[in-house]
Amino acid sequence: MPNVQSFNALRARSYLLRLPLFTRAMIAVMIAFALAGLQGAWNIQEWGALIPRELSITTKRFETEFGTLTSLALFFGPLTTIPALIYVFFDRFVLGANHAVLGASLWVFLLLGMEGVRTYKTNPYLVIGTYHVPTWTTPLFMAVVVQALVPGTSFIGHLCGVGTGYLCTSRPADELARNKRAMPRLLATILTLRRDPRLLKLPPYLSLLCIVVGVAWLLLLPLHDYSRRTYISENALLPGQVHTYFGGSDQNVFRAYRHEVDALKDKDNLEINDELENIFKTIGFKVGRQNYTYHSAGNTYTGENVYAILQAPRGDATEAIVLVSAWKNVKGEFNRNGVAIALTLARYFKRWSLWSKDIILVIPPDSRAAIQAWVDAYHDSHDSSTIAALPIKSGLLQGAVAIDYPHEGRFEGVHIVYDGVNGQLPNLDLINSVNNIANGQMGMHSFIQEKLGHSDKYNDRLKTMLRGMMNQGLGHAVGPHSSFIPYHVDAITLQPVGNGWHDEMGLGRLVEGTFRSLNNLLEHLHQSFFFYLLIQKDRFVSIGTYLPSAMLIAVNFTIMAILLWVKSGAVGVSEPTEVSTIKSKDTVENKEGKEDLAAKPPTSPAVEREIYLPLGIVIACHFLGALPLFIFNHTPSYLLAPFFLAFSALNIFFPSLILNMVNSTSTRPLTLQQFFLLKCFSLLLLGMFLSSLATLNFSLAFLVGLISAPLSFARPWPETPIMRFGYAALLQIASPTSAVLIGAAVYASSLGSSGAGAAAGLLDTLQHILSEAAFGWDVWGLYIPVVVWCVWWPAWLVGSVVVLGQPNMKKMKSA
Amino acid sequence: MKLRLRQGCAGWSFSLPILGRWDAESWGARPWDGTKEGGTGVELWAWLQADTEDEADLKWLTLTNALSGLFCASLNFIDETRTTRPVMSFQPEGDHGSSLDNLHLLHGVLPHEIVCTENLTPFLKLLPCKGKAGISSLLDGHKLFDASWQSMAIDVRPVCPEGQECVLQIEQTIDMVLDIERSKRPRGYTIPRPPPGHDLKCNATKPYHSGDTCFPSDFAEGQDWSIDQIFGKFLKGTCPLTDPDVPPVCIHVPERRDIFTTANAVELKNPDGLSRCYQVPSDEQFSMILPRMSRDGDNAKTIEDETVEPETPLLYAERSFTGHGQERGGVQFILTNPSPDTSVEFVYMESLPWFMRIYLHTLKARVEGQSGANDGIIEEIYYRPALDRARGTQLELRVRIPPASTVFLTYDFEKSILRYTEYPPDANRGFDVAASIITILPSTSLDAPPSRRKISNLRTTSLLLSLPTPDFSMPYNVIIFTSTAIALAFGGLYNILVRRFVGANEGPETAAGLKGLLAQLVKRLSTKFKGAKGKTE
């Protein structure tokens, strides 16, 4: 074992000198290329770059590129090709990324890797202090350092190079590389590996593994090790650090206001607003009113919002916080205590001079359309023909708290509702602050996702998480706060629940504490998480932990798409006439044309892919999605359920209809290759859409990906009608229309209708769900219908077409 | 004043940040027609005598730095990007004689500056009695900065009496709007705890009124207050250096309002019946008490007896952002002319930061109730486009608003992405956009009322512009990670590579101290010399 003494400058120089001549030459070439690259006459980097996606997507590029690589391999030996292949595999298939790499550094790292192993054989350890560092790790260190120091280098590429270097040296690769006779043998091995049919059999299993791991990943999340405790990230918030003084004689005022609100209970919107305006004016607020009208599914939603602004006594009107107390909550209950407490709080807030932000109190007539109209108008993104502009405004909204308090009597704790429209979430700091104030200062319980009495066990955590995911996936507004979130205004709704000892003043103090915290904010809430899954009020899973599960499910589609692309290029699935020119008779006997690939000489050219018809069908199906999207957003609500049932019935026959249409219009029926390409394009699009959707709305991407997982394994079964119809039936169950119907049935049963009324109840529920979706589309601006009809449904349609397809195999065989 | 002699400064106005915003609906027209106040943040404008623009810039730099030290305000941060040269908006005050030609007007504003007690002290120091006597003895940081609206300004202008040398006149103004209920809270008990139930002022006419249910009526009732209640102390006489003919305390109230004062104060009633003044003995404490006036009973008083209806302002102005998102936005400017018969002509000046790139072609004017744009009401546009990182946008519009109408001025802008280092530490707060300044031009008609014959000013509130902001924690993490990696891997390896480790007994024996150093130096030189010699051979 060499001791540290052997490492001196002389030694380092000799180390450099002892590098094989080839390595030194490569370094020289690399420097020369780098210098050439400095002058911009011709772009060396583009010329020499290995870009994974260009290899796999451009038609025929893969083959030509591979030809180039093979010829390069003849010059530089297989040592370049192997890391290049590994790199392409890693970067494209495993990481799904697309980075260009330049070859030169790869060679250097490869040779360094070889050198590292050779050094290791003579000097196994480098002693630093008391640590024995194996000398073969030096190239890895170098790779890390180069990655850290030199921008734009490919760490993975370097690792591939080093890895290949290790591999080559572990066998007697020095001799191998020098011995020119060994090279063709190695080359042949690699080519055989590339043509190995086992390589093509792998992806379906990989795809299935992705799905299984994706689901298992999600189920692991509620475990203690995969979630974190919540914490306050924004130091300015200081939740629960102030004394709250709301109470005492404010209770008398509260009772009076509640009498006033009770007196207005059955009045119409305008009378209510007149009275509220009077109260606001006596308190000393500036009052504004706003008319709105929405049309959706044949219904008209109209009303008038009333809101009041407390101008911060010493503020400069640049920022504001909002207190919302809708006259009716999302369930349509009369928010009696909520309005009264909001009025009392408004009067109390007026007495303080410490506000740095204006306080806006909004009392919309309902919690769904009215508040949306107000928020839209505040940000001037309203449709001015039906929604009035706001007469008075304040500054940027920094946060919003809604009170939903129809509950009578004393309460046990607050239910914090946080889901926003389209599955967007408020900053976690806001939820944490309220939790902190409620639990720490007020001694109240707090709950999320309607899970009262959380046992802190796996079951409850999973239920809470799944409920959160359901709300996120549906993307609907669950409270008056939801409409604020798309405008990057963090908002929550507080609902007192349960029977306990807290009274209205307790809720008032909670709101006061929250407002004091928000008032402290110097910057917009930005510190904490915007993407999270709450599994408990004080435990969460952050995006880095949960995202892989949806991504894995999306990746399974991409893997299958790539496999199908490769398969569609393989000889045997294409036109029999073309095949017969290349193949000898005996190889044609092979059924799928896969086995013969191995036996085939590597010089055989790839077949031409007929991409236009499949591509056309896939694009047409995606555009066809606009049809149901239009129908279900523009039908009067009483026709929605019948229309939907009719559409579902039609939907069963849609795939065969499309198949017949294509087969009858084109000159010859679709070939197996075209079916492969059809499915390939469809899955590629689905994978792409879902992986990008996963970053916006994780739950929706996960749910859609999971339900459409059978599409990955759909393929034509021309020989076995049982398989064909069996799989078609499975796909029918997993269709978007069935999913909606099943969802409606589950929802109806949860509402408790049974027996004879079940069918009617189901129809009502269906109509409710569909009109809700149309309402979401028209009022909240939901994009979920687009995902269902223009992403999911077309993918399903193409999948079903592929399953039902019967490419003419007999003709191929007879050729 | 030394400032002028040194800088050729022909008068300047400086306003410290105002607090709060003027509530024109409730409080009416602004004090001094708005000419003695700035916007949110500190504002400075000056007429400088200079032959060239560069000379003016240099003098401006000196002035801002001098005032910055004088008033403990960050005026030195007014750089070229925040400086504009208004063309139509400001008029020089005082006597300038024939030198108007080479006067340069420069205007700068720092919208995010906040007023502080450290600004009050230098302000009071400029007074002859330094806040020890007279009305300035009431000025106290706690009360001043608890006001609902507060403004401090200093104007300096040259005055040239006939046949005498020119002198500079300095005028200091403080305006406050106080919330009486809030100010009456005694010091130390500023927390607005709910009052005991029996102290609540209730509306007893409500049917549900009872001991535990009270509909509050405290805002509808009349006010009662006194100077010592509101300011927490008495007025300490008058400053002996002031003009004895000018009464120090005046109050605008109707004639029927009861006012009691401390002894020896002389009441002087204004003939118009809307105001009265008090002469205060120079060495006595003074206070006045305005009792609650009973609204019922034999001698019932109404609200008209208690307060004077505030004067209607000539123009209401409100500015706000429209749109959302990180890329584009818009500004909407709502102007209302309350007068039923006269149109209002004014200059609207906006000085915007350079990162707010406005599209001038989107500038539209629309009169409420009329469909389509009505660009005819914009009479003149002066526009000086921004240069990135060098100067901001300056936009001046001369607009005439017809009587009894509301005008919407809108324009769109694009938000630029700043460089990493250009963000302030609180980047996510947003960037303040200075208040726009409205100068209402004097009416030219002969029968205009006196309030219309002079220039008056108006300022909107400032705005908060949120720009696309990078996640600053990420570069920080990357820097830390990279530094650690280099320090551990690279540093350690390098250290081992260049150092020769030998046993302590094997090392060369070196003499300690200076002698040893010298010996080493000689040795090194000799080897070098030998080496060079070897090469030449």
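**K59(B) has a relative accessible area of 17%, so this lysine counts as buried.** The cut-offs here are under 20% relative accessible area for buried and over 50% for exposed, with partly exposed in between (1.4 Å probe, protein chains only). What you're looking at is a predicted model, where local features need pLDDT of at least 70, side-chain atom pairs count only at pLDDT 80 or more, and totals for chains, interfaces and linings use all residues. Residues are numbered from 1 along each chain as its sequence is written, chains are lettered from A and ligands numbered from 1 in the order in which they are written, and side-chain values use heavy atoms, leaving out hydrogens and water. K59(B) pairs up with E55(B) in a salt bridge, the closest N and O atoms sitting 3.5 Å apart. For that term, a side-chain nitrogen of Lys or Arg has to be within 4 Å of a carboxyl oxygen of Asp or Glu. The two residues are four apart in helix α3 (residues 53-71) of chain B, so about one helical turn separates them. Helices (H or I, at least four residues) and strands (E, at least two) are DSSP runs, numbered from the N terminus. E55(B), at 29% relative accessibility, is partly exposed.

**K357(A) and E319(A) make a salt bridge, with 3.9 Å between the closest N and O atoms.** This pair ties together distant parts of the chain, 38 residues apart: K357(A) sits in the loop between α15 (336-351) and β7 (358-363) of chain A, while E319(A) belongs to strand β6 (residues 319-324) of chain A. Buried or exposed, then, K357(A) and E319(A)? Both are buried. Over all chains, the salt-bridge count is 45.

**R21(B) and D358(A) meet side chain to side chain in a salt bridge, 2.6 Å from N to O.** R21(B) comes from the loop between β1 (9-19) and α2 (24-27) of chain B and D358(A) from strand β7 of chain A, so this contact joins two chains. Both R21(B) and D358(A) are buried.

Strand β4 (residues 286-296) of chain A runs antiparallel to strand β5 (residues 299-310) of chain A, and eleven bridges join them. Pairing of two strands takes at least two DSSP bridges between them.

Most residues other than glycine have a negative phi. D380(A), though not a glycine, has a positive phi of about 55°. You'll find D380(A) in the loop between α16 (369-378) and β8 (396-403) of chain A, partly exposed at 24% relative accessibility. D456(A) has a positive phi too, near 65°. D456(A) lies in the loop between β10 (445-448) and α18 (458-474) of chain A and counts as partly exposed at 41% relative accessibility.

**K125(B), K130(B), K132(B) and K236(B) form a positive surface patch.** To make it into a patch, a residue needs over 30% relative accessible area and no salt bridge; like charges are joined within 9 Å, nonpolar side chains (Val, Leu, Ile, Met, Phe, Trp, Tyr) within 5 Å. Lys and Arg count as positive, Asp and Glu as negative, with His and the chain ends not counted; each charge is placed at NZ of Lys, CZ of Arg, CG of Asp or CD of Glu. K130(B) belongs to the loop between α4 (117-125) and α5 (141-144) of chain B, partly exposed with 44% relative accessible area.

**L219(A), L220(A), L223(A), Y226(A) and Y458(A) build a nonpolar surface patch of about 400 Å².** Areas come from the Shrake-Rupley method with a 1.4 Å probe, and for residues only the protein chains shown count as cover. Y226(A) is in the loop between α12 (197-220) and β3 (228-229) of chain A, and its relative accessible area of 39% makes it partly exposed.

**D341(B) and P403(B) are 62 residues apart along the chain, yet 5.3 Å separates their C-alpha atoms.** D341(B) sits in the loop between β16 (328-337) and β17 (344-352) of chain B and is exposed, with a relative accessible area of 61%.
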